[in-house]
Amino acid sequence: MRPEHPLAGVERNLAVPPRRRLDLLEEVDADTEALQAELERRGYGPAQARRAALRQTVPGTETLAQLEAQHAPPLGRWARAAGWLDRVERLGVAVAAILAGGIALLAIRWPGTPAVTAELAWPQIIVIALLAANGALAAKHLWIDGDLRPELRRQLWERQIGLIVAAVALGALGAAWESYGAYEAIEAEGFAMPAIWDAVRRIVSCAALGFGAAIFGLFGWLAITPRLISDETIERRISAFFTGSRLTPTSSTRR
């Protein structure tokens, strides 16, 4: 197994935006290379010079904490200074969920809106609230922490997809349910135009609610996609840095 890069722990533990992580890695890499070269000129062996240089240039725990505070996004610095950092995630997710769920409830119950069966309306409201909460959690990691790692990003995306599918399924189920009820009503009352029109409105309302929730979840995620693409580009550069860096244990000992 290939030994871990000396700066891998720094990259893993430093919770700042990828651009800042890459800048720091390149800076420490350059400083270590320069210090190692200087120590070798003083008579140190390559391995001994590398270890001595790394001891002086690799940031420790306290330094990493200072770097995180210094390079956090503006919202993150404000939340840290106000003492809200630990509560921002819970508060933001809760507010987004309540706001989205409340708007959905008002839209469903607004005068003139076709009635939707409560057994189907409430699950859709919950799905809309969860979609908003999931998006708020991703936004918190991006614009407050500045650090949304690939594993968490993948989990949030998979959750968003699952909720979008659930919204569409509930909408289709509601439309099918209303269609069955309309069929029974038409059989009992005959082909009266008011009954048919009311049935069509209810079917369309259920389907629109489901697809509207799905579109809300999809476009909410698309809104943060440019930032995600930018971060992924920088993360590929970080991977390339570890692949091409001369600070690997094997190459350092050969110098």
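Predicted model: local features only at pLDDT ≥ 70, side-chain atom pairs only at ≥ 80, totals over all residues.

Reader: Let's begin with the whole chain. How many helices and how many strands are there in the chain?

Author: There are 10 helices and zero strands. Read along the sequence, the pattern is α-α-α-α-α-α-α-α-α-α. Of the 255 residues in the chain, 41% are buried. The chain exposes about 14,300 Å², and carbon and sulfur atoms supply 64% of that area.

Reader: What makes the contact between Asp147 and Arg21 a salt bridge?

Author: The test asks for a side-chain nitrogen of Lys or Arg within 4 Å of a carboxyl oxygen of Asp or Glu. Here the closest N and O atoms of Asp147 and Arg21 are 2.8 Å apart, so the pair passes the 4 Å cut-off. This pair links distant parts of the chain: Arg21 lies in helix 2, while Asp147 lies in the loop between helix 7 (118-145) and helix 8 (150-189), 126 residues apart. Arg21 and Asp147 also belong to a network of salt bridges together with Glu11 and Arg149.

Reader: Why is Arg21 called buried, and why is Asp147 called buried too?

Author: Buried means under 20% relative accessible area. Arg21 has 2% relative accessibility, so Arg21 counts as buried. Asp147 has 10% relative accessibility, so Asp147 counts as buried as well.

Reader: Where do Arg41 and Glu38 lie? And is each of them buried or exposed?

Author: Arg41 and Glu38 both lie in helix 2, three residues apart, about one turn of the helix. Their side chains meet in a salt bridge, at 2.7 Å from N to O. Exposed means over 50% relative accessible area, and Arg41 has 64%, so Arg41 counts as exposed. Glu38 has 26%, which falls between the cut-offs of 20% and 50%, so Glu38 counts as partly exposed.

Reader: How many salt bridges does the structure hold?

Author: The structure holds 11 salt bridges. One of them joins Arg153 and Glu235, at 2.8 Å from N to O. That pair links distant parts of the chain, with Arg153 in helix 8 and Glu235 in helix 9 (residues 193-244), 82 residues apart. Both Arg153 and Glu235 are buried.

Reader: What makes a set of residues a nonpolar core?

Author: The members must be buried nonpolar residues, such as Ala, Val, Leu and Ile, joined through side-chain atoms within 4.5 Å. The largest nonpolar core here has 16 residues, and Val127, Ile128, Leu131 and Ala167 have the most contacts inside it. Helix 6 (85-109), helix 7, helix 8 and helix 9 each give two or more residues to this core. Helix 7 gives the most, with six residues. Leaving aside neighbours within four places in sequence, Ile128 is in contact with Ala100, Ala104, Leu209, Ala213 and Phe216. Apart from this core lies another, of 15 residues, among them Ala8, Leu64, Leu67 and Phe242.

Reader: Which residues form the nonpolar patch on the surface?

Author: Trp157, Ile161, Val165, Ile215, Leu218, Phe219 and Leu222 form the patch, with about 630 Å² of accessible area together. Helix 8 and helix 9 each give two or more residues to the patch, and helix 9 supplies the largest share, four residues.

Reader: What makes Ile161 partly exposed?

Author: Ile161 is found in helix 8. Its relative accessible area is 34%, between the cut-offs of 20% and 50%, so Ile161 is partly exposed. A patch residue needs over 30%, and Ile161, at 34%, passes that test too.

Terms used. Residues numbered from 1 in each chain as written. Heavy atoms only, no water. Buried < 20%, exposed > 50% of the residue type's maximum accessible area, 1.4 Å probe, protein only. Areas by Shrake-Rupley, 256 points an atom, 1.4 Å probe, with all protein chains shown as cover. Contact = heavy atoms within 4.5 Å. Patch = residues over 30% accessible without salt bridge, like charges linked within 9 Å, V, L, I, M, F, W, Y side chains within 5 Å.
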